[in-house]
Amino acid sequence: MATSAGVRIGVLASGSGTNLQAILDADLPVVAVITDRPDVAALDRAAAKGIPTAVVDRSAYLPDRDAFTRAITDALVEHRVDLVAMAGFMTVLTGPIFAAFPGRVINTHPSLLPAFRGAHAVPDALAAGVKVTGCTIHVATLEVDDGPILAQETVPVLPGDDVDALHERIKAVEHRLYPQVLATMVEEMVGAPEQ
Ligand code: GRF
């Protein structure tokens, strides 16, 4: 049986890492931060908090997505992670990670899924002329930006919005919602039979 101190979160990030920062600031039990490329701010953010980091360089595995996924999964297993938080991780992962962490890979996406899946959710929402968009925290599955929805929150599209302005307001919501969802999952995992 896991204790709250025993739940170990691994975060996957690729970029600026502001969602990672929100997760770290929420004092969630993050034990490793893994990126798919070097020289990204996420690595500095983790190091500043004394969290171990690893880089599994996507470019070294191209075009073998399965081999890349296995390397990511191995890194998570090495850190004895039991809950995986994707936080702006920009490489699509394949079967091995979902087999190793069934129902335990979580993602945040900057739209109200199932609307605007994919890497261009914010510009796509603007182009569609929607008046309301938002963010979705969901269980990640083999289908990209699919899987059971855990939480959603709306963000209005304002007159004159551009991609950056709208994305920043969506991110501000993600920064609050994502750590809340992860904290709830950690609580639920405490006392749950280990898988
Ligand atoms: C977030 O909006 C996330 O939903 C999307 O990419 C952005 C990552 O931002 N997939 P950051 O790297 O956490 O700042």
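Visitor: Which side chain meets D146 in a salt bridge?

Guide: That of R117, with N to O at 2.6 Å. A salt bridge here means a Lys or Arg side-chain nitrogen within 4 Å of an Asp or Glu carboxyl oxygen.

Visitor: What should I know about the model first?

Guide: It is predicted, so local features need pLDDT of at least 70 and side-chain atom pairs need pLDDT 80 or more, while totals for chains, interfaces and linings use all residues. Numbering starts from 1 along each chain as its sequence is written, and side-chain values use heavy atoms, without hydrogens or water.

Visitor: Back to the pair. Why does it tie together parts that are apart in sequence?

Guide: D146 is in the loop between β6 (132-139) and β7 (149-156), and R117 is in the loop between β5 and α5 (121-128), so the bridge links parts 29 residues apart in sequence. Elements are DSSP runs numbered from the N terminus: helices are H or I, at least four residues, and strands are E, at least two.

Visitor: How many salt bridges in the whole structure?

Guide: Five.

Visitor: What else is in the loop between β5 and α5?

Guide: P114 is there. The peptide bond from L113 to P114 is cis, with omega near 15°. F116 also belongs to that loop. F116 is not a glycine, yet its phi is positive, about 60°.

Visitor: And what joins L62 and P63?

Guide: A cis peptide bond, omega about 0°. P63 sits in the loop between β3 (53-55) and α3 (65-78).

Visitor: New topic. Which residues are around the ligand?

Guide: S16, G17, T18, N19, G88, T108, H109, P110, H167, K171 and E174.

Visitor: What about G17, backbone or side chain?

Guide: Backbone. An N or O atom there lies 2.9 Å from a ligand oxygen.

Visitor: How much of the ligand does the protein cover?

Guide: 89% of the 370 Å² of accessible area that the ligand has on its own. Areas come from Shrake-Rupley with a 1.4 Å probe.

Definitions and conventions. A residue is near a molecule or strand if one of its heavy atoms lies within 4 Å of it. A polar contact is a pair of N or O atoms within 3.5 Å; within protein, one must be able to donate a hydrogen and the other to accept it, and residues adjacent in sequence count only if both atoms are side-chain atoms.
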